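Please read the following report alongside the sequence and the coordinates. It treats the ligand site, the domains and the backbone in turn.

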Amino acid sequence: MVKNIREIISDEDIVKKLEEIGLTDAIVLAVTSPSELASILEISETKARKIINEVKEKIGLEFETADKVLERKLKMKKITTGSKALDELLGGGIPTQAITESFGAFGSGKTQLGFQLAVNVQLPEDKGGLGKNCLFIDTEGTFSPERVAEIAKAKGLDPQKALKNIFVTRAYTTDHQMLIVEKAAEIIPAKNIGLIVVDSVTSLFRAEYIGRGELAERQQKLNKHLHQLQRLADMFNIAVYVTNQVMARPDVLFGDPTAPIGGHILGHISFYRIYLRKSKQNLRIARLIDAPNLPEREVVFQITENGIEDVTK
Ligand code: GTP
Ligand code: MG
């Protein structure tokens, strides 16, 4: 899958410059933003875009025969959420080759599920994991190693070892957040990553693009970000879990008074969307929304000191 840029780019000067900075993998180059490449190579953004498009085109020329598509589909794996009920809602767990989005109000359990998955991905396959590591992109500063250690211990893992297998990075701006995802193409194979968590995927976008007039721009950028995540999910057969806080929409009188912030654009990319809401005490209700191959229904699970669990009857 990894192609050297030498086989693709004809401009020798550009190839040399890219080699100098170690950007020799065509896939990594393909997901680099034109503005970033322009500043790295000290060329115009137009030229940078041309190079990236050339690379994308050449990569895209590799058609897949249907048997290969099937082969890839058969490689799809699932990570357990820790709750059988929630796994069943999702058709077996959080899938690879897709983005799973959880949306809901504060305290609904979006981050807790992210912590749980960061631990569970490390479990062997017969225990519902992938035997792989996690890349955790924290945009809200709410990553808690103490809580993750507690969850890992409850799963019978050595908490110290489990923490060492989670690569946490804090994103401060949307550009930063996008750059991390662009760079992830290098980190994923190097660190044996099986899951990317982005918690939350939308908060920085919301903070930076506040006016109504900026909505289109925000959605466009978010759309690009999600496409990049989807691409990584497909390319490396990994799972992507993103969280999305919903705001109450008091202007809506009928139906669900909350709506995912990403809106429709996000909706087209996310393969699985889970709407989480609080119930009494530790109980949480999860509803699967708009999944093409699964029924829309609700299940109940609970958050305990051990993490995400089934409700004990
Ligand atoms: P925002 O990021 O604010 O949008 O919320 P969120 O959906 O990410 O919420 P989060 O996952 O952080 O859930 C927090 C809730 O999880 C708390 O209010 C508790 O109900 C529950 N929780 C967290 N830690 C524990 C714990 O150790 N024991 C129990 N029983 N519950 C916990
Ligand atoms: Mg949270």
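The sections below describe a predicted model.

## Basis of the description

In this predicted model, local features need pLDDT of at least 70 and side-chain atom pairs count only at pLDDT 80 or more, whereas totals for chains, interfaces and linings use all residues. Residues are numbered from 1 along each chain as its sequence is written, chains are lettered from A and ligands numbered from 1 in the order in which they are written, and side-chain values use heavy atoms, with hydrogens and water left out.

## The shell around ligand 1

Ligand 1 is surrounded by 17 residues, each with a heavy atom within 4 Å of the ligand, and the closest of them are Gly107, Lys110, Thr111, Gln112 and Gln245. By residue class, the shell divides into 3 nonpolar, 8 polar and 6 charged residues; here Ala, Val, Leu, Ile, Met, Phe, Trp, Tyr, Cys and Pro count as nonpolar, Asp, Glu, Lys and Arg as charged, and the others, Gly among them, as polar.

Polar contacts are pairs of N or O atoms within 3.5 Å. A polar side-chain atom of Gln245 lies 2.9 Å from an oxygen atom of ligand 1, and one of Arg147 lies 3.2 Å from an oxygen atom of the ligand, while Ile303 places a backbone N or O atom 3.2 Å from a nitrogen atom of ligand 1. On its own, ligand 1 has 670 Å² of accessible area, of which the protein covers 68% (Shrake-Rupley method, 1.4 Å probe). Two or more residues of the shell come from each of helix 7 (110–120), helix 8 (145–154) and strand 12 (298–304), and helix 7 gives the largest share, 3 residues; helices (H or I, at least four residues) and strands (E, at least two) are DSSP runs, numbered from the N terminus.

## Two domains

The domain assignment gives domain 1 (5–58) and domain 2 (73–309), with bounds that come from an automatic or database assignment. Their centres, taken over C-alpha atoms, are separated by 31 Å, and the contact (heavy atoms within 4.5 Å) takes 7 residues from domain 1 and 9 residues from domain 2.

## Backbone features

The peptide bond from Asp199 to Ser200 is cis, with omega near -5 degrees, and Ser200 belongs to the loop between strand 6 (193–199) and helix 11 (203–208). Gln97, although not a glycine, has a positive phi of about 65 degrees, and is found in the loop between strand 2 (94–95) and strand 3 (98–104).

How values were computed
Polar contact = N/O pair within 3.5 Å; in protein donor to acceptor, adjacent residues only side chain to side chain.
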